[in-house]
Amino acid sequence: MNDTPTPQLMQLMQSMGLAAKTASSQMARAPSAVKNKALIALAGLLRQNAAALDAANAKDLARATASGLAGPMLDRLKLKPKDIDTVAVGCEQLAAMPDVIGEIIGMKQQPSGIRVGQMRVPIGVFGMIYESRPNVTIEAASLAIKSGNACILRGGSEAIESNKALAALVQQALLDAGLPADAVQLVPTTDREAVGLLITMPLYVDVIIPRGGKGLIERVSRDAKVPVIKHLDGNCHVYVDDPCDMAMAVTVADNAKTQKYSPCNASEGLLVARSVAAEFLPKIGAIYAAKGVEMRCDAEAQAILAAVPGATVKSATEQDWYEEYLAPIISIKVVAGVDEAIAHINQYSSHHTDAIITRDHMHAQRFLREVDSASVMVNASTRFADGFEFGLGAEIGISTDKFHARGPVGIEGLTSLKYVVLGQGEVRA
């Protein structure tokens, strides 16, 4: 990063930070009904302005296509009618959820007579830095509103027109509900130095959440002067166990990889128990071949899959076990059983989301306990690792950190706990 941003940019970011800090105090004390009113209003505005949003998105897509943006990133940039409806439903789902702000948990009477518990409170101001996916603007904004926080959003330059159009609707919804428009601000410039300033403003920003490619997240993690909630990769796995429901295993392994290639919760690795490999691999191999998925395999898997008509089968390198492809490519390995599967996942995965397909309850329990990932699943596609699918209303991102928040980060991930003490005049002896 350049250490000498322009005075104008410095002034812009400072003023945005101050405005966000001021707005955060108003958001923290906003009644639940008022926050919910803003969310419902935002859902309505999104649906009413679908045509305008499509026009703004078309400008971004045209510019990105002309500049040669890579396929997965271009796919993430698209704001389809289904995407708009999904984030609108997310706003409504959030509005219908209980308000956790002010909730007191664990209240216990102490021998001294005082009662001690913890109250859930907003974090304050979070900064969100993200690439492509303009729907993140609404996910971040809606979660900020529900959790009583303010936020400063810095989307990718490739999505600037879409993000401006979406942020304008958010601010309109806030004002309609009687809340400060500055509670959700979008950095209006594509100047890359804005990121460097945003992540080094501890006076105004309480936490940074980067959501994008590994390079962005590594840079933010390295240079930030405020705490960071992050995940670097989405190297997710499906392990097909013995015993398993073969039809289920084929269906889940197919969906986890091919339902959509670009998300971070798409499966990039497939592990298969040796005793079911001869039956399972030709079935899933035929599906992958039909869909144009390249299979990078260990020697055992390659020997079986080489006989599948039309299959593109290659030898896996050591790097393939670590790889997040975000493309129609998958690594495939035959393992002895659940022990080797768990060991492989814990060594090579990014600790994002991993799934086991099994009929063995004990194997399932071991997988749940021993796989060191933010989301661990039994007999379900990794594609469910998502705040909306988990019933969080929306997500700010998926954290593979172990402190503060882990997995899809929803309302509670944007809050903190403070101790509260209730007494009746007690003094310490």
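Glutamate 92 and arginine 47 form a salt bridge, with their closest N and O atoms 2.6 Å apart. A salt bridge here is a side-chain nitrogen of Lys or Arg within 4 Å of a carboxyl oxygen of Asp or Glu. Glutamate 92 sits in helix α5 (residues 81-96) and arginine 47 in helix α2 (residues 32-48), so the pair ties together parts that are 45 residues apart in sequence. Helices (H or I, at least four residues) and strands (E, at least two) are DSSP runs, numbered from the N terminus. Glutamate 92 is partly exposed, at 30% relative accessibility. Arginine 47 is also partly exposed, at 35%. The classes are buried (under 20% relative accessible area), exposed (over 50%) and partly exposed (in between), using a 1.4 Å probe and protein chains only.

The model is predicted: local features need pLDDT of at least 70, side-chain atom pairs count only at pLDDT 80 or more, and totals for chains, interfaces and linings use all residues. Residues are numbered from 1 along each chain as its sequence is written, and side-chain values use heavy atoms, leaving out hydrogens and water.

The whole structure contains 22 salt bridges. One of them joins lysine 214 and aspartate 233, at 3.6 Å from N to O. Lysine 214 belongs to helix α9 (residues 214-223), while aspartate 233 lies in the loop between α9 and β7 (236-240), so this pair ties together parts 19 residues apart in sequence. Lysine 214 is partly exposed at 40%, whereas aspartate 233 is buried at 17%.

Glutamate 370 meets arginine 366, with the closest N and O atoms 2.9 Å apart. Both lie in helix α14 (residues 361-370), 4 residues apart, about one turn of the helix. Glutamate 370 is partly exposed at 33%, and arginine 366 is partly exposed at 22%. Elsewhere, Glu294, Arg296, Lys314 and Asp320 are linked in a network of salt bridges.

Now turn to the aromatic rings. Rings of Phe, Tyr and Trp (its six-membered ring) pair if their centres lie within 6.5 Å; planes under 30 degrees apart count as stacked, over 60 as edge-to-face and the rest as tilted. The count is 1 aromatic pair. The ring centres of tyrosine 322 and tyrosine 348 are 4.8 Å apart and their planes stand at 70°, so the pair is edge-to-face. It links distant parts of the chain, 26 residues apart: tyrosine 322 is in the loop between β10 (313-315) and β11 (329-335), and tyrosine 348 is in helix α13 (residues 338-348). Tyrosine 322 is partly exposed at 36%, but tyrosine 348 is buried at 10%.

Next comes serine 162, in helix α7 (residues 160-176). Serine 162 is buried, at 1% relative accessibility. Its side chain makes a polar contact of 3.1 Å with that of asparagine 57. A polar contact is a pair of N or O atoms within 3.5 Å; within protein, one must be able to donate a hydrogen and the other to accept it, and residues adjacent in sequence count only if both atoms are side-chain atoms. Not counting residues up to four places away in sequence, serine 162 touches Ala56, Asn57, Asp60 and Pro134. Contact means heavy atoms within 4.5 Å.
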